[in-house]
Protein chains: 2
Amino acid sequence: MPPNSRPGDAVFANVERVNAELFTLTYGAIVRQLLTDFEEVDEVNKQLDTMGYNIGIRLIDDFLAKANITRCSDFRETAETIAKVGFKMFLGVTGSVANWNADGTECSLILDDNPLVDFVELPETCQGLYYCNILCGVIRGALEMVSMRTEVKFVKDILRGDDAYEMRLKLLEQVPEEYPYKDDD
Amino acid sequence: MPPNSRPGDAVFANVERVNAELFTLTYGAIVRQLLTDFEEVDEVNKQLDTMGYNIGIRLIDDFLAKANITRCSDFRETAETIAKVGFKMFLGVTGSVANWNADGTECSLILDDNPLVDFVELPETCQGLYYCNILCGVIRGALEMVSMRTEVKFVKDILRGDDAYEMRLKLLEQVPEEYPYKDDD
């Protein structure tokens with residue numbers, strides 16, 4: 001691999017893709033629909049998270065099949081893989097990992113750029129909305145399928161006036177993988 | 001241009017893109033949400049069409065800015081442009097045009113492949129659903145912004161057992177473009 005290439009780039013170049021603007025507008029249609037359906041913005045955040053979870057538990061297979069990565073040795077490596085390979089493979093942007101806690105169970109995933117929000121401005125009435133909350137659900141769902149129970153939530157959002165998109169990722173439990181057979185079967 | 005290249009290919013290579021599977025699953029989440037919200041499948045078809053319309057009236061700008069096409073001289077050329085450049089630019093697939101009526105106001109847009117439906121199977125309860133109906137709305141909305149009032153509806157759908165996705169596109173009215181100024185101003 002040439003020294004300047006990043007692990008997500010080659011993968012992103014090889015997956016099937018659709019136009020980002022179509023995706024952005026389609027995602028906007030979901031959020032608008034949920035805002036119509038539910039009175040409370042908190043409930044919309046929750047629905048987006050659930051939708052994302054259902055997507056994440058399916059996307060993980062595609063990711064593992066195509067990302068050409070080896071098993072992550074620990075949670076730090078998992079977080080780096082999400083930021084560098086996962087975001088690139090699915091959204092075409094690269095994120096970073098920061099703000100680890102002392103025991104390495106909690107960190108922030110940071111995106112400076114985010115194709116979900118192109119052309120979006122939140123009206124006054126939606127001030128509690130985490131517009132991209134679906135991403136938290138996707139990450140939570142995907143990690144659950146590789147035996148990590150996590151909590152993922154937005155703590156910074158450019159649409160709300162912050163300087164970046166920052167999701168706080170917290171490892172709650174690492175479930176030991178169980179095999180349906182014993183080694184000596 | 002090399003003889004075998006198609007007009008949509010170069011454009012598609014140059015637009016920003018996201019992973020097709022993420023888009024497919026996100027679109028599936030919309031349809032599922034609408035099926036939860038509305039009891040009647042017909043109403044879901046209508047909602048998808050309306051969502052598409054709202055997307056189409058915005059996507060057309062991106063299309064005209066990036067597709068590098070000249071003004072279509074007639075409705076036949078418009079239909080060909082949608083099938084060859086539009087579908088490619090936004091969905092990454094190429095469609096075809098067929099079944100023109102005698103006076104050239106009505107034709108079919110045909111897709112053999114359609115990234116919206118990967119992994120989709122319709123349950124028995126959704127038999128009246130046109131799963132991809134958002135596409136009809138997108139085309140209708142986009143054409144309205146270039147002064148063509150149209151009717152667009154699915155007449156064949158692989159998910160319903162047909163051999164292709166076929167949308168019937170009917171030109172209802174071509175509104176002459178009005179300029180906000182006179183030539184001698």
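**Close-up views of a predicted model**

Both A:Phe23 and B:Phe23 are buried.

**View 1. The aromatic pair of A:Phe23 and B:Phe23.** Over all chains, the structure holds 9 aromatic pairs. In the pair formed by A:Phe23 and B:Phe23, the rings are edge-to-face, at 6.4 Å centre to centre and with 70° between the planes. A:Phe23 is part of helix α2 (residues 20-37) of chain A, and B:Phe23 is part of helix α2 (residues 20-37) of chain B, so this pair joins two chains. Both residues, A:Phe23 and B:Phe23, are buried.

**View 2. The aromatic pair of B:Phe75 and B:Trp100.** These two rings are also edge-to-face, with 6.0 Å centre to centre and 85° between the planes. B:Phe75 lies in helix α4 (residues 75-91) of chain B, while B:Trp100 lies in the loop between β2 (96-98) and β3 of that chain, so the pair ties together parts that are 25 residues apart in sequence. B:Phe75 counts as buried because its relative accessibility is 5%, under the 20% cut-off. B:Trp100 has a relative accessibility of 23% and therefore counts as partly exposed.

**View 3. A negative surface patch with residues from chains A and B.** The patch is formed by A:Glu16 together with B:Asp112, B:Asp113 and B:Asp118. One of these residues, B:Asp112, is placed in the loop between β3 (106-111) and α5 (134-144) of chain B. With a relative accessible area of 61%, B:Asp112 is exposed, because exposed means over 50%.

Key: Residues are numbered from 1 along each chain as its sequence is written. Chains are lettered from A and ligands numbered from 1 in the order in which they are written. This is a predicted model: local features need pLDDT of at least 70, side-chain atom pairs count only at pLDDT 80 or more; totals for chains, interfaces and linings use all residues. Side-chain values use heavy atoms; hydrogens and water are left out. Patches are made of residues with over 30% relative accessible area and no salt bridge: like charges are joined within 9 Å, nonpolar side chains (Val, Leu, Ile, Met, Phe, Trp, Tyr) within 5 Å. Accessible areas come from the Shrake-Rupley method with a 1.4 Å probe; for residues, only the protein chains shown count as cover. A salt bridge is a side-chain nitrogen of Lys or Arg within 4 Å of a carboxyl oxygen of Asp or Glu. Lys and Arg count as positive and Asp and Glu as negative; His and the chain ends are not counted. The place of a charge is taken as NZ of Lys, CZ of Arg, CG of Asp or CD of Glu. Helices (H or I, at least four residues) and strands (E, at least two) are DSSP runs, numbered from the N terminus. Buried means under 20% relative accessible area, exposed over 50%, partly exposed in between (1.4 Å probe, protein chains only). Rings of Phe, Tyr and Trp (its six-membered ring) pair if their centres lie within 6.5 Å; planes under 30 degrees apart count as stacked, over 60 as edge-to-face and the rest as tilted.
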